[in-house]
Structure formats: C-alpha cells, structure tokens
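Here is a short briefing to read alongside the sequence and the 3D view. Have both open and let's walk through a few spots together.

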Amino acid sequence: MSRAVRLGLALALSLAGGAAWAQSKRGEDVAPEQALVLGPDVAQTVGAPLGPPVGPDRLEEETHALASRIRCPVCQGHSIADSPSETARDMKSLVRAMVAAGYVEDQVFVYFEARYGEFIRLLPRAEGFNLLVWVIPLAALLLGIIVVVVFLGRRRPSAVATAVPSEAAAARSRAREAGPAEGSDLDPWLEAVRREVAEEDQRQDG
Amino acid sequence: MSAAPEGGRAGRGFSYKALIIGLVVTLPLLALLYMGLSMDPHRMDAPLVGKPAPPFELHRLSDGQLVSLESLRGKPVILNFWATWCMPCRQEHPFMVSAAKKLGDKIQFVGIVYQDKNEMVNAWLDAYGGRGYPTLIDAGTKTAIAYGVYGVPETYFIDSQGVIRDKVVGPVRPDELFELAGRLQ
Amino acid sequence: MAELGRLLILAALALASAGALVGFSAGRSGSARGLRITRGLALAFAACLVGATGVMEYALITHDFSVEYVAHVGSLATPLHITIVSLWSSLDGSILFWGFILAVYTTGFVLATRGRHEDMQPYTLATIMAVGTFFTFLIAGPANPFGDTPAPIPTDGPGPNALLQNHALMIIHPPMLYMGYVGMTIPFAMGVAALLKGRSGAGWTRPLRRWMLIPWGFLTCGIILGGWWAYEVLGWGGYWAWDPVENASLLPWLTATAFLHAAMLQERRGLLAGWTLVLLLVTFQLTILGTFMTRSGVFNSVHSFTQSPIGPTFLVFLAMVLIASVVLVAANVHRLAPGRPIESPASREAAFIVNNLLFAAFTFTVLVGTTFPLIAEAARGVKVSVGEPFFDQFAVPLGLAIVFLMGVGPAMPWGRATGAEVARRMGPPLLGGLVLAALGVALGVRDVLPALTLLVAGFAVSVTLRDVWDPVRARMTAKGESLGRAFASALRRGRRRFGGQVVHIGVAIAVVAIALSQSYQIIGEGVIDKGATLTVSDYTLQFVDARSVTEPHRERTIATIAVSKGGRDLGTMEPALNNYATEMNAIGSPAVRTSPVEDLYLSVMSIDPRGQSIGLRVFINPAVAWLWIAMGVMVFGCLIAVWPTRRSEASGAVA
C-alpha cells in the first residue's frame with residue numbers, strides 16, 4: 001500500500017548510511033559531544049547572534065522547542081526533533097550550535113528557510129496568505145458558534161419556563177405521585193422500571 | 001461541508017439556496033484537488049538559486065586533502081550530491097563522469113557524498129562508472145544542510161562568480177546537463 | 001490465470017452496473033420482482049469479486065509471475081503468510097482487496113435484510129452497486145492487477161514492500177482500515193435511499209444505526225492499530241504525526257462519530273434531521289477523499305516516485321458523489337426541517353449540539369490543515385508545510401472540550417435542567433475529575449494540560465459510571481432484584497446505551513494515555529561501544545553484542561542490550577536493523593518493553609560494520625500501553641452495541 005511505500009522511501013533515505021555519523025558522535029546526546037563549529041554561511045545569512053549565548057542548563061530545552069517546528073526534509077512530515085534519521089540529527093546539532101551561540105528563534109528559521117524554503121517550517125510563518133490556515137478554521141468555528149447560539153436561542157412562541165415541563169421534571173412529578181419521593185436522578189430510571197413492570201403486567205393480563 | 005437545512009422550509013420541492021450553498025462549499029475543493037493532480041509533488045522550492053553558493057571545505061576521498069569552494073573559484077562548478085544507497089545515482093553517475101570528461105577543461109565537476117561510509121564509496125565508484133572528478137566527504141551533513149539538499153541525487157550549477165544558477169533534484173538528464181552547463185559559461 | 005481474473009472483474013462490472021440500473025428502476029416502480037432481481041445481481045456481483053480475489057490469491061501463492069501484480073510484489077523467498085497479505089501491499093492489489101470487502105458487505109447486507117425494509121432496499125442496493133461499478137471499473141481499467149506480464153516472464157520477483165514484511169501489525173491494520181472505509185458505503189447508500197424515497201422524517205436513521213456502528217468500530221480499530229504499527233515499526237518513538245495519510249483516516253471517523261450522536265438526537269427529539277443526513281453523506285465523501293489523498297500521489301512527499309494513474313478517475317468519482325449529494329439534499333430540504341426549538345441550553349440536546357459543532361470544527365480544521373499546502377501552492381506557488389505544531393494548536397483544546405462534553409451530555413437531562421439540577425448532576429462527577437487530577441499531581445504531573453486532561457477525563461468517567469450504576473440501582477430499588485440480576489437485565493434492556501458508555505470509558509482512557517505520553521516522553525541518544533553503558537533517566541542500557549541472522553528474505557543485525565532500572569536487572573532487549581534483499585537500506589525494528597506505567601523503547605540508528613559500537617535512540621514513553629488497551633475497550637463497547645438482539649427495536653427504551 002502507498003503508505004508503506006512512501007514511509008519506506010522516507011525511511012530508506014533517512015536510515016541509510018548509518019555509521020558515518022558515529023565518527024562524529026560519542027557518548028550521550030543529552031550532553032552532546034564537542035560543540036559544533038558554525039560555518040561562515042550562518043553569519044553570512046543571518047548576521048551576528050541577536051541574543052546572549054545559551055548555557056547548557058537551557059540549551060536542550062530551547063533546541064528541542066525549535067527543532068520540533070523544523071521539518072525533517074527526508075522524512076514523512078516528522079520534525080527534526082522526532083525523526084531518528086541521520087539528516088535530522090545533523091540538522092538538530094546545527095540548531096543546537098546556533099542556539100548556544102545566541103541566535104534567536106527567528107534567525108534559526110531564516111537560516112533554514114534560506115536553504116530549504118518555507119517548506120522547512122512545520123508551522124507556517126504566520127503572515128500574509130498563510131494566516132488563512134488559522135483564519136479559515138477559526139472563522140468556520142465562529143460561524144458554527146453563531147448558528148448554534150441562534151439555534152439554542154430559538155424559543156417556542158409561547159416559551160415560558162413553566163409551559164412545558166422537562167422530561168426529568170415530569171418524571172419526577174410522576175414518580176412523586178406513584179411512590180415515596182426520592183427526589184433524585186434515579187427518578188427517571190425508577191419511572192422506566194415501573195413502566196416496564198406495568199407493560200409486563202399488561203402482557204400477562206392480555 | 002454542509003448545506004444548511006434551513007433553506008426552503010416553507011415551499012415544497014427543490015431548494016436552489018441549498019444547492020448553491022452546497023456547490024459553493026464543494027466546487028472549490030474539487031477545483032483544488034484537480035489543480036493538485038497537475039502539480040508536481042516532487043518539485044521543491046530552491047531559494048538558493050540566484051544566491052552565492054555556501055562555502056565549504058571538505059576532505060577529498062582519494063587523498064584526504066582539504067578542498068574548498070574558494071579554491072575552485074574562477075571556473076564554473078557542477079556540484080553533485082549523491083550516495084551509494086541511492087538507486088538513481090547509479091544511472092546518473094556514469095553519465096556525469098563522461099560529461100566531466102567532455103566539459104572538464106571548462107567546468108569543474110565535484111561530487112559530494114552524502115551520509116555514507118568511505119569503504120562503500122570506493123567500492124561503489126569502482127562498480128558504477130569510476131572517478132572522473134574529485135569526490136568529497138561531507139562529514140556531519142554540514143554542506144548538504146548548507147545547500148538545502150532534500151535528498152540524493154541533487155545537482156547544483158554554480159557560475160564562475162560563485163553564484164548558484166540552477167539546481168536539479170533527482171538524476172540529471174543529459175540534455176538538461178548540457179543546457180544548464182552551457183548557461184554557466 | 002490473469003485471463004480468468006480479468007473475466008471475473010468484467011463480469012462483476014457488468015453485474016454491478018446492471019444491478020444499479022435495475023435497482024434504481026425498481027426503487028421508482030416499487031416492483032417486487034425488480035427487487036428480487038437486484039438482490040440476485042448484488043449477490044452475483046459479490047461472488048465475482050470474491051472469485052477474482054481468490055484467483056489473485058491463488059496466483060500469489062503459486063507464484064504465477066505471468067500475472068503482472070504477482071511479478072510486481074511476489075517473490076519465492078517471501079514467507080507464505082506475507083505472500084497472502086501482499087494482496088494489499090501495493091496499489092492495484094489493494095483496490096482489488098477494497099472490492100473484495102465491498103463484496104463482503106454487500107453480501108452481508110443482502111442476507112441481513114431479507115424480508116426487511118423492502119421499500120428502502122432497491123435504492124440502497126442500487127447505490128451500493130453504483131459504488132461497486134466505480135470500484136470494479138478501477139480494477140478493470142486504471143488499476144488492473146490482472147495484466148499480463150510482458151515477456152519474458154521472470155522466474156522470481158522483488159517481493160512486497162519491506163515495511164509490510166517488518167511487522168505483524170501491518171498484516172491486520174490495513175484490512176481493519178478498509179473494513180471501516182468500505183463499510184461506510186452501506187449507511188451512505190441507506191441515507192441516499194431515504195432521500196430518494198423522501199423518508200427523511202423522524203426516525204429514518206434507526207435502521208442504519210447498526211450499519212454505521214460496524215464500520216465505525218473497524219475504523220476506530222484501524223486508526224489506532226495504524227498508530228500502533230507506526231510506533232512498533234518506524235522507530236521515532238511516536239504513534240501519530242498528523243501525516244496526510246493518518247489525517248485521511250481520522251476525517252471520516254470524526255464525522256461518523258458526530259453522526260452517531262446526531263442520530264441519537266434525531267431519533268429521540270426529532271432535531272437536526274438535515275444536519276444528521278449531511279454528516280452521513282460527508283462521512284462517505286471523506287472516505288473517498290481520503291482514498292484519493294492517499295492513492296493519487298497529490299499528497300506524496302518529496303522523494304516518493306510513485307505517481308498513480310487512478311487519481312483522475314477517483315477525482316471524477318468524488319465529484320459525482322459530491323454533486324449528487326448536494327442535489328439530493330437540495331431536493332429534500334423541505335423535508336429536513338430542524339425540528340422544534342429546544343427548551344433550554346441547560347439540556348442534553350444542547351450538549352449534543354455543541355458536541356456536533358466541535359466535531360465539525362475538528363473535521364474542518366484537519367481538512368484545511370491537510371489541504372493547505374495545496375492551497376498555498378496553487379495561490380502563491382510556494383511549498384509550505386502544515387505539520388504537528390499546527391494540528392496540536394487546534395486538536396488539544398477541541399479534544400479537551402469534546403471529552404468534557406462527553407461528561408456533560410449524559411449528565412444532563414433531556415429537555416430542561418434547573419440550576420439546582422445542574423449542580424446536583426454535575427457536582428459529584430466534577431469532584432471525581434478533581435480527585436483524578438489531584439492523584440495525577442500527587443504522582444508527579446506538573447503541567448496544566450495533562451492535569452486538565454485528567455480533570456475532564458475523570459469527570460466524564462464519573463458521569464459514565466454513575467449512568468451505568470443508576471439503572472441497576474433503580475431495578476434493585478423498584479423490583480427488588482439482586483445486583484447481578486439487575487445488572488444483567490439493565491444491560492439487556494439498554495444494550496446500545498451500555499455499549500456507548502463502554503466506548504466513552506475507552507475514549508477517556510485513550511485521551512489520558514495520549515496526554516501523558518505526549519507530555520512526559522524522555523528521549524536520550526548516543527553511541528555505545530561494546531560493553532559500555534548509556535544512562536537515560538533511571539534506566540541503564542549496556543550494549544552486550546550484535547549478531548547477524550540470515551533469513552530467507554532479509555539479513556538482520558540484532559543488537560543485544562542489557563537493561564536495568566535503578567539497579568534492578570530487567571533482562572535484555574533486542575532492537576534490530578533489517579536489510580532486505582530488495583531494499584537498498586536498512587530498516588529498523590525498534591524493541592519495546594511495555595509496562596502499564598511506561599514503555600522503554602529502543603531504536604537502533606546504526607551498527608558499525610564490525611559490530612563494535614551501536615548508535616542507539618532511547619525513548620521512555622509513559623502510559624502508551626493504555627492507548628492500545630483503550631482501543632480494546634472501545635471495540636468491546638462497539639460490539640456490545642452492535643450485537644444482534646431479538647428485541648433490538650425495543651432496546652434503548654431509556655437512553
């Protein structure tokens with residue numbers, strides 16, 4: 001089936017050539033090996049870091065937050081934070097190095113966008129035409145809410161609170177007449193059981 | 001996606017109001033899917049085209065020497081990203097080698113191996129078309145990321161000023177290569 | 001062989017189109033003979049499709065490579081059970097399998113409706129046959145699996161897709177999904193028949209309730225099994241990525257769920273007849289849309305090179321279904337009055353209406369998010385992605401609100417509730433929710449979203465449990481029955497309601513499992529040399545060794561990892577990398593150690609050629625097992641509701 005085919009291709013691309021990275025990675029990723037040296041193209045694209053360098057205490061957290069919004073280019077819609085692929089890991093290392101150097105969120109996105117295009121953002125850039133992806137569902141929801149409110153607000157011409165007793169209230173009053181008042185939610189059920197007993201009696205009579 | 005059922009409550013028969021609401025909702029969706037059919041899902045945006053090529057400095061497979069884009073400046077460069085595990089690369093490579101032979105004095109061909117093992121690369125080159133031009137090893141995928149490579153093979157056409165003129169995703173067709181190479185000169 | 005298969009498909013095509021024509025004319029004339037003929041044609045159509053599927057299976061099992069599809073997916077090295085299921089491992093075969101399931105449903109429908117609803121049958125069968133005509137046309141033409149292999153006929157084939165061979169769940173999850181998708185044809189056809197007959201007044205949904213519940217159950221099962229498969233196979237530690245393929249299966253599930261609730265409102269209170277019908281039609285349309293999305297190549301990602309020829313055919317069919325539905329609804333709008341106004345916003349009706357609003361909003365959001373890349377490319381010529389972060393923004397609040405309503409709806413009375421009543425009905429269950437949330441906080445939940453999830457889920461479960469208990473208690477009070485007897489007779493009299501309550505409990509479990517596993521996943525990764533260890537949270541993982549195993553269709557490199565937790569030895573786990581003869585690259589098999597509290601999930605990223613070091617990714621996923629348990633609970637509840645009863649019409653007297 002096509003899902004398998006597509007996932008297969010994505011996986012094939014992503015898992016391949018596995019050992020090469022082993023040369024550059026040792027130990028636990030939680031505290032990554034040697035700091036990656038940023039190439040000159042980073043500064044060429046986005047200039048100097050706009051923020052202060054990020055220390056090891058917050059580095060992983062901030063890297064993950066950014067990486068989970070960057071699409072893994074060789075995967076099936078996963079972020080580079082999720083994907084186990086080679087490329088995703090290398091991209092995540094780059095993100096980590098940029099964050100550590102003090103590059104802010106927008107600079108990181110701009111760097112990757114300059115290379116891969118807007119496609120690389122898992123959450124579209126919230127401006128211009130892209131806003132429609134939020135506006136359309138929200139507008140539809142709003143329209144739905146208005147329709148529902150109008151619908152719920154409709155009243156019968158003679159709609160007075162006392163005009164039509166609710167099923168529960170009716171059942172309660174019937175129950176009260178029929179037996180010892182319990183005045184609880186059990187009443188409709190008791191009512192139903194009594195009705196059932198009465199039906200059975202009728203059947204037996206007839 | 002719904003036609004509001006309020007429409008022609010009073011009258012009997014067909015409700016044009018419901019029909020129009022329904023069509024207004026469904027026709028754009030159908031039009032969109034129709035357009036989708038004619039779009040090429042493999043086409044990817046290449047924002048680097050027209051921009052300076054990102055610099056790199058990588059080890060050469062043959063002797064471990066560092067080769068940088070800077071050092072190739074002055075001549076147009078055709079940069080081919082590939083890997084041993086990529087099927088289309090097998091068809092593409094012999095042609096690239098022969099094209100490099102033909103155009104080699106005017107254009108520098110460079111292969112960059114993407115996420116691979118050195119010993120496999122050597123065996124592969126022996127099997128599929130040989131070594132017509134330098135093969136560089138992209139450790140840590142840094143260069144591929146800098147170029148925005150989505151997968152292999154991908155080929156970048158860089159002019160003598162160091163500006164990326166074109167990019168081809170997937171194996172390059174012969175006519176395509178000569179045409180794009182011609183534009184570099 | 002190929003010849004026989006083609007013949008059977010052509011016969012099925014002829015029978016289906018004849019059945020559609022005879023059925024429609026019998027529907028118009030009301031002729032009893034026409035109905036008999038239609039039923040006969042439907043059974044013959046089904047028999048031909050089952051026969052054709054049998055022929056394909058025979059060709060697959062006997063490795064008859066003269067059949068194009070067998071040459072495409074077959075291989076002498078493939079184990080028998082994989083060969084059998086490779087019927088649905090590739091596009092053409094999966095469409096044939098689709099036809100087979102339609103044949104099964106058609107047969108089931110014809111047999112189950114013998115002598116019942118005879119006035120509605122011709123149109124229903126005609127609609128089923130019309131859908132059947134389309135699918136057999138696909139099998140006969142654009143997606144023909146019975147083509148002749150061009151000479152020379154190979155002596156062996158490449159074998160099915162490697163991912164199919166990689167896990168047992170791949171064998172059962174597609175059929176479940178197809179059973180769900182294809183099954184939606186039956187309620188759709190019944191809805192169309194009701195429209196054509198002008199029977200869309202109060203109570204028209206009653207006969208098709210069960211026919212909707214059956215595919216709903218399969219779809220629920222298929223979606224979660226799909227997630228389970230992704231979890232066990234893909235090695236990224238998650239089960240849902242808002243991939244277009246996943247979204248395609250979720251969309252009809254959302255509208256079908258909304259329909260099941262709207263139908264209740266329609267039956268009990270005569271409300272929203274038109275809306276209910278629209279949901280029914282949309283559900284079927286979404287199954288077709290979903291198939292289009294997954295099969296046409298339109299939503300394929302960057303490096304998939306499959307471009308399918310069935311896209312245009314599917315789009316034409318989708319257009320016909322959509323436009324015919326719109327016209328049918330427009331012609332019946334005058335019969336589809338929304339019913340009398342409801343009495344009060346503090347009522348079960350109101351809760352159901354809001355529930356439907358939220359399901360509709362959810363569906364629409366997923367649809368917009370999934371198609372937005374197409375919209376953007378058409379409008380701006382730029383590729384954009386709409387991924388998990390976007391869907392989460394909507395799914396989390398909508399999901400929480402829906403679970404909350406899952407408690408509010410049953411807690412509220414039909415009609416009107418006074419303020420005191422609301423307090424009495426909502427109070428204790430809200431307390432139940434608070435208790436669960438407090439329990440969570442005591443056990444370490446520190447974030448707002450999972451705590452809120454525990455609160456609403458606890459609330460909904462409290463309401464459900466009270467609703468199960470109340471009728472039992474009423475019986476014990478009023479008739480003096482024993483607990484067991486009261487429970488049994490309450491169940492007998494309210495089976496559908498009880499099934500629904502069980503499903504609600506399953507949903508609550510699933511939602512809690514999702515919230516916890518999403519919020520508290522721990523990820524670690526690294527390269528370990530032989531004998532060295534990696535510590536992630538309180539687990540210590542030691543790389544013992546790696547070995548290679550040669551199987552007929554693949555070469556496996558299996559790593560042995562010794563696991564201990566807080567000094568306690570937990571034995572070994574064996575994640576692997578598989579190299580298939582037909583695939584260039586290794587595909588991982590993660591190893592999962594499941595416990596009720598958390599899963600330890602190991603995924604091999606790489607093993608160096610000498611087996612001296614291993615790249616390992618480690619996930620600690622809390623509560624994931626409960627998602628699979630929840631699926632079992634939901635399917636069980638669905639079975640309770642669907643199970644045939646002699647007194648099916650009388651059941652659910654109090655709902």
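**Nonpolar cores**

In the largest nonpolar core, which has 282 residues, the members touching the most others are C:Ala12, C:Phe45, C:Ala457, C:Ala508, C:Val512 and C:Ala513. A nonpolar core here is a set of buried Ala, Val, Leu, Ile, Met, Phe, Trp, Tyr and Cys residues joined through C-beta atoms within 7 Å. This is a predicted model, in which local features need pLDDT of at least 70, side-chain atom pairs count only at pLDDT 80 or more, and totals for chains, interfaces and linings use all residues. Residues are numbered from 1 along each chain as its sequence is written, with chains lettered from A and ligands numbered from 1 in the order in which they are written.

- Helix α14 (residues 348-380) of chain C gives the most to this core, with 18 residues; helices are DSSP runs of H or I with at least four residues, strands are E runs of at least two, and both are numbered from the N terminus.
- Another core, of 25 residues, lies apart from it and includes C:Ile561, C:Leu602, C:Ile607 and C:Val618.

- Most residues other than glycine have a negative phi.
- C:Trp242, not a glycine, has a positive phi of about 55°; C:Trp242 sits in the loop between α10 (209-233) and α11 (244-269) of chain C.
- C:Trp242 is buried, with 21 other C-beta atoms within 10 Å (buried means 20 or more, exposed 12 or fewer, partly exposed in between, with C-beta atoms placed from the backbone).
- C:Ser537, also not a glycine, has a positive phi of about 55°, lies in the loop between β2 (533-536) and β3 (539-550) of chain C, and is partly exposed, with 15 other C-beta atoms within 10 Å.
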